[in-house]
Amino acid sequence: MALDPASYYSNSIQGIPGAGVDVDITATHATPKYALGYAIVRADGSRYRYANIGTATNAGRLVGPTTASGGATYGAAVVVAPALAVVVPAEYPILAGQVGSHYIEVTIAGMAANKYEGGYLATTRGTALGETYRIVGNTATGNPTSTTLRIQISEGLKVEIGATTGIIIVPSMYTDMAATATTSTQVAGVLMSTTTSTLLYAWVQTRGLCGCAEDNSLAITAGHQITPSRVTAGSYASIVSASTTVGTAALASPIIGYSSTPAGSSSRLGMIFLQLD
């Protein structure tokens with residue numbers, strides 16, 4: 001699994017009732033046709049988002065961002081003070097991290113270029129506490145200095161940030177996705193079409209009725225709230241149980257909706273109502 005450099009993102013505001021063309025939600029593509037995360041909504045309210053699936057995955061499976069595409073937790077990235085940051089020629093005399101700048105220099109090890117593209121950066125401590133910015137992209141560790149990288153954001157900084165500012169970085173939810181693991185996990189949707197090693201762009205459903213692989217280790221009844229399975233990757237399971245394997249432990253994963261019509265077997269797809277989006 002790896003990030004595809006062909007992926008791209010958008011900040012556009014979308015949605016004009018009655019306009020546009022029909023979209024084939026079962027289509028898969030070798031190169032992206034839409035910005036990752038691009039959303040469409042059917043007249044019945046069902047919602048779909050365009051995504052990069054980093055691993056060949058069957059249709060009807062819960063998918064989410066992989067661990068390999070994880071962001072920077074609190075304390076993992078240290079902001080370089082503006083006075084010490086390498087100058088960005090296009091913005092000089094504004095320095096990276098100062099008000100109005102679209103760049104932040106941080107110290108973080110072993111990060112590939114554009115790993116955070118399409119994600120978000122939040123300030124969580126110290127100067128500029130409480131701000132959230134969309135990430136356009138990032139250089140790899142080693143650029144601009146041997147231990148730092150530079151993050152580009154879509155809006156100019158509202159408040160100067162520096163060495164006392166704590167940050168958290170979260171990459172896009174819709175890149176390098178795979179079937180959800182059987183551990184505590186993030187879920188982005190249900191894959192609409194089987195992907196292969198060359199057709200890795202597809203639509204995932206995030207809201208509405210859809211078929212999804214079922215883990216029936218514990219009997220599921222229509223109306224049960226559901227969560228990613230702790231037994232079978234890419235499947236859903238009921239949270240209604242005292243079992244530490246599927247029930248209680250499942251509360252460590254997000255509730256994603258409810259069962260509409262159970263399949264009654266772990267080898268089948270049941271009908272669920274997704275409430276992710």
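Which strand does I104 lie in? Let us find out in a few close-up views. This is a predicted model, in which local features need pLDDT of at least 70 and side-chain atom pairs count only at pLDDT 80 or more, while totals for chains, interfaces and linings use all residues. Residues are numbered from 1 along each chain as its sequence is written, and side-chain values use heavy atoms, with hydrogens and water left out.

**View 1. I104 lies in strand 5 (residues 103-107).** Strands (E, at least two residues) and helices (H or I, at least four) are DSSP runs, numbered from the N terminus. I104 counts as buried because its relative accessibility is 0%; buried means under 20% relative accessible area, exposed over 50%, and partly exposed in between (1.4 Å probe, protein chains only). Leaving aside neighbours within four places in sequence, I104 has contacts (heavy atoms within 4.5 Å) that include V79, L121, I153 and I161. From C-alpha to C-alpha, I104 and I161 are 8.2 Å apart in space, although 57 residues separate them in sequence.

**View 2. Six strands make an open sheet, in the order 4-5-8-7-6-9.** The pairing is antiparallel; two strands pair if DSSP finds at least two bridges between them. Strand 4 (78-79) and strand 9 (166-170) each have a single partner strand, so one side of each is left without a neighbour in the sheet. Strand 6 and strand 9 run antiparallel and are joined by 5 bridges. Here T123 stands opposite I167 in strand 9.

View 3. A salt bridge is a side-chain nitrogen of Lys or Arg within 4 Å of a carboxyl oxygen of Asp or Glu. The R150 side chain does reach the backbone oxygen of V86, at 3.4 Å. E131 is found in the loop between strand 6 (120-125) and strand 7 (132-138).

**View 4. Y50 and Y201 form a stacked aromatic pair.** Rings of Phe, Tyr and Trp (its six-membered ring) pair if their centres lie within 6.5 Å; planes under 30 degrees apart count as stacked, over 60 as edge-to-face and the rest as tilted. The whole structure holds 7 aromatic pairs. In the pair of Y50 and Y201, the centres are 6.2 Å apart, with 20° between the planes. Y50 lies in strand 2 (residues 47-52) and Y201 in strand 12 (residues 201-213), so the pair ties together parts that are 151 residues apart in sequence. Y50 is buried, at 0% relative accessible area, and Y201 is buried at 0% too. Ring pairs link Y34, Y38, Y50, Y201 and W203 into a cluster.

**View 5. R47, R49 and D277 join into one network of salt bridges that share partners.** Side chains of opposite charge can pair when their charged atoms come close. R47 bridges to D277, with the closest N and O atoms 3.8 Å apart, and R49 meets D277 at 2.5 Å, N to O. Because R49 lies in strand 2 and D277 in the segment after strand 16, their pair ties together parts that are 228 residues apart in sequence. R49 counts as buried at 17% relative accessibility, whereas R47 is partly exposed at 25%.

Terms used:
Polar contact = N/O pair within 3.5 Å; in protein donor to acceptor, adjacent residues only side chain to side chain.
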